[in-house]
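I opened my notebook for an afternoon with this chain. Here is what I looked up, in the order I looked.

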Amino acid sequence: MADMEKTKEEYSKYLSKISNRAGVKELAAYLEKHGLFKAPASTKYHLCIEGGLLIHSVNVVRLALELKEKLMPEKPEESVILCALFHDAHKVTDGFGHNTYDKNNTATSDKQPYFWNTKQFGYGGGHKSALIISKFVDLTQDELQAIAYHDGPFVPAWDDIKSDPYPLTLMIHYADMWSTWIVEKTKSRKYDGKFLEDLKTELF
Ligand SMILES: [Fe+2]
């Protein structure tokens, strides 16, 4: 629980840095009311635990800010924080009164911790996040694209913009992927340690 309190503190710290954007406080209050602090980050993959989404969101902000310093130093920090912190807003609610995940309370040993709520609005995840955030905050074009297409080529919608992804879109996508696959250690676990170096040694 102590770790969750630290994560909440980090979330609040980042939130307070978005000081020049009207509606952000209301957006945060809305998502918090609908379960931002309890939602998992996935049904059975990365951080499929209570509070997992908040941990993931903070991880993405932390990495996106590091990338921003190198790749987009001119970009306002609060724009990057806004996109990174709320890119997965759709994992809290669909914006129409439905929660995104239902806890799996069945007692089978192979159960996945959460299910998708089948009653929620049928709409792409990234686009749903952009829609929810837009109800409160006036987003720029590149913020809209970055949030709506943050899944990158992992979803078919990427075709819409594949010939013209904006820099912010690529940066948020990369921060999201690195957080999910490396920091939060899901399928990349097998690459821990010297796996790849050892493989090269075997080949030659
Ligand atoms: Fe994400």
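My entries below go from the overall layout to the helix packing and then to single residues.

**Ground rules.** I number residues from 1 along each chain as its sequence is written. The model is predicted, and I keep to its limits: local features need pLDDT of at least 70, side-chain atom pairs count only at pLDDT 80 or more, and totals for chains, interfaces and linings use all residues.

**Layout.** I started with the secondary structure and found eight helices and two strands in the chain. I take these as DSSP runs numbered from the N terminus, with helices being H or I of at least four residues and strands being E of at least two. Along the sequence I read the pattern α-α-α-α-β-β-α-α-α-α.

Next I checked burial, and noted that 35% of the 204 residues are buried. My cut-offs: a residue is buried if 20 or more other C-beta atoms lie within 10 Å of its own, exposed if 12 or fewer, and partly exposed in between, with C-beta atoms placed from the backbone. For contacts I ask that the C-beta atoms of two residues, placed from the backbone, lie within 7 Å. Among contacts with a separation of 6 or more, 62% join residues 24 or more positions apart.

**Helix 4.** How many residues of helix 4 are buried? I got eight of the ten in residues 77-86, so I wrote this helix down as mostly covered. The buried ones are Ser-79, Val-80, Ile-81, Leu-82, Cys-83, Ala-84, Leu-85 and Phe-86.

**Helix 2.** In helix 2 (residues 24-33) I found Val-24, Leu-27 and Leu-31 buried. They span an arc of only 60° around the axis, which puts them on the same side of helix 2; the arc is that of the directions from the helix axis to the C-beta atoms. These buried residues pack against helix 4 and helix 5. On the face turned away from the buried side I noted the exposed Glu-26, Ala-29 and Lys-33. Just after helix 2, Gly-35 has a positive phi of about 110°.

**Helix 3 with helix 7.** I describe two packed helices by the angle between their axes and the distance between the axes. The axes are lines fitted to C-alpha atoms over the stretch in contact, and angles run from 0 to 180 degrees between N-to-C directions. Helix 3 and helix 7 have axes 8 Å apart at an angle of about 130°. They are therefore oblique to each other; under 35 degrees would count as roughly parallel, over 145 as roughly antiparallel, 65 to 115 as roughly perpendicular, and the rest as oblique. The contact includes Leu-63 and Leu-67 of helix 3 and Trp-178 and Val-183 of helix 7. I sorted its residues into eleven nonpolar, three polar and two charged. Here Ala, Val, Leu, Ile, Met, Phe, Trp, Tyr, Cys and Pro count as nonpolar, Asp, Glu, Lys and Arg as charged, and the others, Gly among them, as polar.

**Helix 5 with helix 6.** The axes of helix 5 (residues 125-134) and helix 6 come within 7 Å and cross at roughly 140°. That makes helix 5 oblique to helix 6. I listed Gly-126, His-127, Ser-129, Ala-130 and Ile-133 of helix 5 against Leu-144, Ile-147 and Ala-148 of helix 6.

**Helix 6 with helix 7.** Helix 6 (residues 141-148) and helix 7 (residues 167-183) pack at about 35°, with axes 8 Å apart. This crossing is right-handed. Asp-142, Glu-143, Gln-145 and Ala-146 of helix 6 meet Leu-168, Thr-169 and Ile-172 of helix 7. I counted three nonpolar, two polar and two charged.

**Asp-142.** Is this helix 6 residue, Asp-142, buried, exposed or partly exposed? Partly exposed, because 17 other C-beta atoms lie within 10 Å. Beyond its neighbours within four places in sequence, Asp-142 is in contact with Tyr-166 and Leu-168. Asp-142 and Thr-169 are 27 residues apart in sequence, with C-alpha atoms 7.1 Å apart.

**Asp-3.** Asp-3 sits in helix 1 (residues 2-17). I call Asp-3 exposed because 9 other C-beta atoms lie within 10 Å. Asp-3 and Ile-55 are 52 residues apart in sequence and 9.4 Å apart in space, C-alpha to C-alpha.

**Leu-47.** Leu-47 is in the loop between helix 2 and helix 3 (52-71). Leu-47 has a positive phi of about 45° although it is not a glycine. Leu-47 counts as buried, because it has 22 C-beta neighbours inside 10 Å.

Notes: A crossing is left-handed if the near helix is turned anticlockwise from the far one by less than a right angle, and right-handed if clockwise.
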